[in-house]
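Work through the exercises below with the structure open beside you. Try each task before reading its solution.

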Amino acid sequence: MAYGGSDTALIDRLMTRDESALREVIDLYGGIVNGMARRVVGDTAMAEEVAQDAFVTLWRRPGAFDPDRGSLKTFLTTVARNKAVDLIRREEANKRKKDALIEEMKVEPATSGFDGDADRRAEIHDALGRLSGVQREAITLAYFGGRTYREVADELGIAEGTAKTRLRDGLKKLRTVLADARDEANDD
């Protein structure tokens, strides 16, 4: 290490926006920070994201490190642990929301005072039941959950193109199923 190597000296260099100091910090503590994140999130890609966030936090606010409270290693692993826990909580909240929306779609449609509205809801509910599970999930998130296709992709952990395809194909099938149901109703 070219500079003295002490935590305080590294922080002093970070305060002056010395990028080589950040590289030294990453070289010194990258493995430990990544390991902490991986233990918490259990996923390599998510752990890398958490570790990167921890180093970005240090870069943006090097003054947040207080040498009187512990070492730079302790500071970074604590930041990584907190970010990892936050990520897990966010992921779990998103999963609960998604599961609740999907569960809501399984429930029979509510009836209202307007028979036409209730009939239309029942028609749509039946049509959704004829979609594949992945199409129904994407459409439920997008149209009943108010998500964009990008948010659908992110929430389901799929590529944006895959989300677009599921939405497009699901909507096509919905149109066909609803048109067939109308034709049958008109034939009666």
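**Exercise 1. Find how helix α6 and helix α8 pack, and which residues make the contact.**

Solution. This is a predicted model. Start with the two elements: helix α6 spans residues 133-144 and helix α8 spans residues 160-187. Their axes lie 9 Å apart, at an angle of about 95 degrees. Angles of 65 to 115 degrees count as roughly perpendicular. α6 and α8 are therefore roughly perpendicular to each other. Now list the residues. From α6 come Val 134, Gln 135, Ala 138, Ile 139, Ala 142 and Tyr 143. From α8 come Arg 166, Leu 167, Asp 169, Gly 170, Leu 171, Lys 173 and Leu 174.

**Exercise 2. Describe the secondary structure of the protein chain.**

Solution. Count the elements: there are eight helices and zero strands. Read along the sequence, the pattern is α-α-α-α-α-α-α-α. Next, take burial. Of the 188 residues in the protein chain, 33% are buried. Last, take the contacts between residues at least 6 apart in sequence: 58% of them join residues at least 24 apart.

**Exercise 3. Work out how α1 packs against α2.**

Solution. Helix α1 covers residues 7-15, and helix α2 covers residues 19-41. The axes are 8 Å apart and the angle is about 140 degrees. Roughly antiparallel would need an angle over 145 degrees. α1 and α2 are therefore oblique to each other. Their crossing is left-handed.

Then look at the contact.

**Exercise 4. Locate Arg 17 and describe its place relative to Trp 59.**

Solution. Arg 17 is in the loop between α1 and α2. Just after α1, Arg 17 takes a positive phi of about 65 degrees. This is a positive value in a residue other than glycine. At 38% relative accessibility, Arg 17 counts as partly exposed.

Now turn to the ring. Trp 59 is found in helix α3. Arg 17 lies over the face of Trp 59, at 4.2 Å from the ring centre. Beyond its neighbours within four places in sequence, Trp 59 is in contact with Leu 14, Arg 17, Asp 18, Glu 19 and Leu 22.

Finally, compare sequence and space. Trp 59 and Met 15 are 44 residues apart in sequence, with C-alpha atoms 8.3 Å apart. Arg 60 and Met 15 are 45 residues apart in sequence, with C-alpha atoms 9.1 Å apart.

**Exercise 5. Is Arg 60 buried or exposed? Is Thr 77 buried or exposed?**

Solution. Arg 60 sits in helix α3. Arg 60 has a relative accessible area of 64%. The cut-off for exposed is over 50%. Arg 60 is therefore exposed.

Thr 77 sits in helix α4. Its relative accessibility is 14%. Buried means under 20%, so Thr 77 counts as buried. Leaving out residues up to four places away in sequence, Thr 77 touches Ile 32, Val 33 and Met 36.

**Exercise 6. Find the aromatic pair and classify it.**

Solution. The count comes to one aromatic pair. The rings of Phe 65 and Phe 75 have their centres 5.7 Å apart. Their planes stand at 70 degrees, so the pair is edge-to-face. Phe 65 is in the loop between α3 (44-60) and α4 (72-106). Phe 75 is in helix α4, ten residues apart from Phe 65. Both Phe 65 and Phe 75 are buried.

Note on methods:
Residues numbered from 1 in each chain as written. Predicted model: local features only at pLDDT ≥ 70, side-chain atom pairs only at ≥ 80, totals over all residues. Heavy atoms only, no water. Phe/Tyr/Trp six-rings, centres within 6.5 Å; stacked < 30°, edge-to-face > 60°. Helix = DSSP H or I, 4+ residues; strand = E, 2+ residues; numbered from the N terminus. Buried < 20%, exposed > 50% of the residue type's maximum accessible area, 1.4 Å probe, protein only. Lys NZ or Arg CZ within 6 Å of the ring centre and 35° of its normal. Axes fitted to C-alpha atoms, helices over the stretch in contact; angles between N-to-C directions. Parallel < 35°, antiparallel > 145°, perpendicular 65-115°, else oblique. Left-handed = near helix turned anticlockwise from the far one by under 90°. Contact = heavy atoms within 4.5 Å.
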